[in-house]
Amino acid sequence: MDTIEAGFPIASAGDMESVHNIATAGLTSEVCGLARVLTKDLDACIKADVGMIHTFVSTSDIQRIHTIKKSREEVVEMATNAVQYIKDHGMRCMFSAMDATRTDMDYLVEVYKAVEDAGCDIINVPDTVGVIAPSGMYRLISELDKEINIPIDTHCHNDFGLAVANSLMAIEAGASQAQVTVNGLGERAGNADLAETVMSLCSIYGAKTNINTEYIVETARMVERCTAVTIPPHMPVVGENAFAHESGIHTHGVLENSDTFEPGIMTPEMVGHTRRIVLGKHAGKHAVLRSLQSANIQPSDEQLDAIIDKVKLLADKGKRITDADLYAIAFDILGKPEGMPTIDLKEVSVMTGNVITSTAVVKALVNGTERITSDVGVGPVDAALKAVETLIGKHATNVSIHDFRIEAVTGGADALAEVIIGVQDEKGRIVTARAANVDIVLASVEALVTAINMLLKT
Ligand SMILES: CC(C)C(=O)C(=O)O
């Protein structure tokens, strides 16, 4: 069954409110609240209007003795009382024996059998500190599956990077569901990642889930923005590099047939990602030529060799080659096209503070004519970027910011900020550009202007 565990209503007023909002939003998924086996926690879930309660108590000796300080018998009684309370309120119930994978097996079976007898609908088997090996998880779930008649769920932590593997093993052994989190977020090293688990199930196991996989990347990026926890570039499925190719051998193969150096059973389209050819020190002729051609730049063979030499020189300095870098190199060798640049930035000023709305004024020559525009935003960077968009008038409707990153290149209060911006036109063409400045706002505007100039001119 598809379930959203929306939060822990007893934890805070905010959690109570968000669980209640999700529970009453009319979603097709079952919405569940988390609760210890305490009446006040269960009542908070009831108040939040969820249809299901996931209640838990520690069963391993280490947690039982050192945290809740209860005997094994007391734990069984608390667990069964909680399950009965939930069922008496007409709700669905999931029960977790917390730290199940470090709990004595006979006692674990006793606890699960007791909650099953009390009317529990589903048991969860948490690997709370992420210590079980995949083969151990397979054995554990197989054993429990023989003893217990209600469905089994798992909750795997990633302390050894095994959360997804353990979830898949649990499912192979008979578990009917697995708990996952977007971007693998969770305590310590996190939990099993939704994207990795779902795509493994879908593409490797051929199993059906109800996840609309084409929204996986969009969802991951939304959670990244809301939590401010950056997705590592090399993260499977959703990372920026998940479908990026750099080495000459790989890019040549991928440009012929993407299955040569991609799984094939999982394409970028399936998860809402895009395939990218990255230019770096391993760049090959095919990749560089393809990138130039996509911008209507047609070098001769000798010019292409000269461009590649310069790309590798820059890459050897540890620089990421943006599209704007590549076009600048190409224009250096081929000569600049007529009429560049479209926007020639002259002045940027911003006003910001805690009691005023951030406002930016930008002055530039746009196709040779001086224009001054101003705009407001949620912060100085936002205001300045909007002012630049206003500056390019009708073109702005065709150009959107696709990617925006600020990185402090050097440490300290006078750190040099490097901004990389990607802009996209209505045909989906993306151009990235970089700028570095001690002033974050100026670096942002310079990178944006460079990217827009390249996009409009190529
Ligand atoms: C509540 C339980 C399932 C938990 O979060 C854990 O054991 O990690």
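**Sheet, helices and ligand shell in a predicted model**

Helix H6 (residues 134-147) lies across strands E5 (122-127) and E6 (152-156), running at about 155 degrees to E6. Helices (H or I, at least four residues) and strands (E, at least two) are DSSP runs, numbered from the N terminus; axes are lines fitted to C-alpha atoms, for helices over the stretch in contact, with angles from 0 to 180 degrees between N-to-C directions. The model is predicted, so local features need pLDDT of at least 70 and side-chain atom pairs pLDDT 80 or more, while totals for chains, interfaces and linings use all residues. Residues are numbered from 1 along each chain as its sequence is written, and side-chain values use heavy atoms, without hydrogens and water.

As for the sheet, seven strands form an open one in the order E1-E2-E3-E4-E5-E6-E7, with parallel pairing (at least two DSSP bridges between two strands). E1 (3-7) and E7 (177-179) sit at the edges with a single partner strand each, so one side of each has no neighbour in the sheet. Four bridges join E1 to E2 (residues 30-36), and Glu5 stands opposite Cys32 in E2. Helix H1 (residues 13-23) packs on the sheet, touching E1 and E2 (contact means heavy atoms within 4.5 Å).

Now for the ligand. E3 (52-58), E4 (92-98) and E5 each supply at least two residues of the shell around the ligand. For His155, a side-chain N or O atom is 3.1 Å from a ligand oxygen atom (polar contacts with the ligand are pairs of N or O atoms within 3.5 Å).

Conventions
A polar contact is a pair of N or O atoms within 3.5 Å; within protein, one must be able to donate a hydrogen and the other to accept it, and residues adjacent in sequence count only if both atoms are side-chain atoms.
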